[in-house]
Amino acid sequence: MKPQVLVSREVFDETLALLNAVCEVDSNQADTRYSTDELVARLQGKQGAVISTADRIDAGVLDRCPGLRIVSNVGVGYNNIDVPACTARGVMATNTPGVLTDSVADYTFGLVIATCRRMTEGEQHLRSGDWKGSFLKQMLGHDVHGATLGIVGMGRIGQTVARRASGFDMKIIYHNRNRIDAAIEASLKAEYRSLEALLGEADIVVLLTPYSPASHHMIGAAQLALMRPSAVLINVARGGIVDDAALIGALKARRIWAAGLDVYENEPAFNPGFLDLGNVVLSPHLASASEPTRKAMAHTAARNCIAALTGGVPPNLLNPETATAR
Ligand code: 8YV
């Protein structure tokens, strides 16, 4: 009998074809968001779950789905999965690193430029019908080229953003839990700073660190107060890393100049205070959303799931203990 797999959200036909070749697939092609109870109900009798980063898999869910052997996230960030709880129950957990790095780095730069050069504000002005022609002091922004870029989280995506930044002649400073290899630092021309020093020095602060209890509200009122009044904050990492209420306060009071955001606390019910502000560029969690990248993410998740259910070791296994325990 083929292994049974739930795909919790809509995926591409090619992704389904990959899975259907080996598994019996129940896919939520209607793309409705399951509540926890609905997710648990659909997971009954399933050995595999291909899930979205919006689905929470914790000890409670795992205990109600005793047949589950693999939880395969369509996404690189996996703060929606309690990995130790999976490990304790012998359930494999996987994510999709690598395939989205370049697209997220591209998008990060898009947000940097849009925010510094007030692109969405300009578009709104034009669409409103208020544009009276071009004049010298109209909607003045900040230059991206030559600015000091502070990257918080120097993993794959952070390093790729740093490579993009060198094309803009930017000075690159970074903060990371662990200082990166000296040779990589040198090749990126990136200088290490404490978080506090980075916040005080950077013209543009880009957050690319994973979310965990340790990074919860890593940027709150105290950290925003360290930033320059002319500085820009960009978050493409995860909601919860920034205290959104504190950020709204800082933007309103012009304690920092502007922000560009792709992620929010409590997505998709983000803080409506952002909507009253002109100095913030908002996008709905789109950083990885190019067609080739989203396909690569879905296919990678499918392959991780198939490997686990056919006796292999998934390429992106987050808890290798579960493979050795088999
Ligand atoms: C999404 C992301 O998961 O990979 C991640 O961690 O946050 C995104 O790429 C995306 O929302 C997929 O649905």
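## A first look around this model

Ser52 is buried, with a relative accessible area of 16%. That puts Ser52 below the 20% cut-off, and it's a handy place to start a tour of this structure, which is a predicted model. The chain is assigned two domains: domain 1 (4–99 + 291–324) and domain 2 (101–282).

**Around Ser52**
- You'll find Ser52 in strand 3, which covers residues 48–52.
- A polar atom of the Ser52 side chain sits 2.9 Å from the backbone nitrogen of Ala54.
- Setting aside residues up to four places away in sequence, Ser52 touches Ser8, Arg9, Asn73 and Asn80.

**The two domains**
- Domain 1 is made of two stretches, 4–99 and 291–324, while domain 2 runs over 101–282.
- Taken over C-alpha atoms, the centres of domain 1 and domain 2 are 31 Å apart.
- Where the domains meet, eight residues of domain 1 are in contact with seven residues of domain 2.

**The nonpolar cores**
- The largest nonpolar core counts 53 residues, and Val50, Leu149, Ile151, Met154, Val161, Met170 and Ile204 have the most contacts inside it.
- Helix 12 (residues 291–309) supplies the largest share of this core, with eight residues.
- Both domains take part in this core: at least three residues come from each of domain 1 and domain 2.
- A second, separate core has 29 residues, including Leu199, Leu207, Met218 and Leu247.
- What does Ile151 touch, leaving aside neighbours within four places in sequence? Ile151 is in contact with Gly158, Val161, Ala162, Ile172, Ile173, Tyr174, His175, Leu198, Val206 and Leu208.

**The ligand site**
- Around the ligand you'll see Thr53, Val74, Gly75, Val76, Gly77, Leu100, Arg238, His285, Ser288, Arg294 and Met297.
- From the side chain of His285, an N or O atom comes to 2.7 Å from an oxygen atom of the ligand.
- Gly77 uses its backbone instead: an N or O atom there lies 2.8 Å from a ligand oxygen.
- Val74 also has a polar backbone atom 3.5 Å from an oxygen atom of the ligand.
- On its own the ligand has 330 Å² of accessible area, and the protein covers 83% of that.

**Helix 11**
- Helix 11 spans residues 244–252, and its buried residues are Asp244, Ala246, Leu247, Ile248, Ala250 and Leu251.
- Leu247 is also one of the residues in the second core.
- Part of the cover over these buried residues comes from helix 10 (221–226), strand 10 (232–235), strand 11 (258–261) and strand 12 (280–282).
- At the start of helix 11, a side-chain oxygen of Asp243 reaches to within 3.2 Å of the backbone nitrogen of Ala245.
- After helix 11 comes Arg254, which has a positive phi, near 60°.

**Out on a loop: Gly141**
- Gly141 belongs to the loop between helix 6 (119–127) and strand 6 (148–152).
- Is Gly141 buried or partly exposed? With a relative accessible area of 35%, Gly141 is partly exposed.
- Not counting residues up to four places away in sequence, Gly141 touches Cys116, Arg118 and Trp257.
- Gly141 and Lys2 are 139 residues apart along the chain, and their C-alpha atoms are separated by 58 Å.

Conventions. Residues are numbered from 1 along each chain as its sequence is written. This is a predicted model: local features need pLDDT of at least 70, side-chain atom pairs count only at pLDDT 80 or more; totals for chains, interfaces and linings use all residues. Side-chain values use heavy atoms; hydrogens and water are left out. A nonpolar core is a set of buried Ala, Val, Leu, Ile, Met, Phe, Trp, Tyr and Cys residues joined through side-chain atoms within 4.5 Å. Buried means under 20% relative accessible area, exposed over 50%, partly exposed in between (1.4 Å probe, protein chains only). Helices (H or I, at least four residues) and strands (E, at least two) are DSSP runs, numbered from the N terminus. Domain bounds come from an automatic or database domain assignment. Contact means heavy atoms within 4.5 Å. A residue is near a molecule or strand if one of its heavy atoms lies within 4 Å of it. A polar contact is a pair of N or O atoms within 3.5 Å; within protein, one must be able to donate a hydrogen and the other to accept it, and residues adjacent in sequence count only if both atoms are side-chain atoms. Accessible areas come from the Shrake-Rupley method with a 1.4 Å probe; for residues, only the protein chains shown count as cover.
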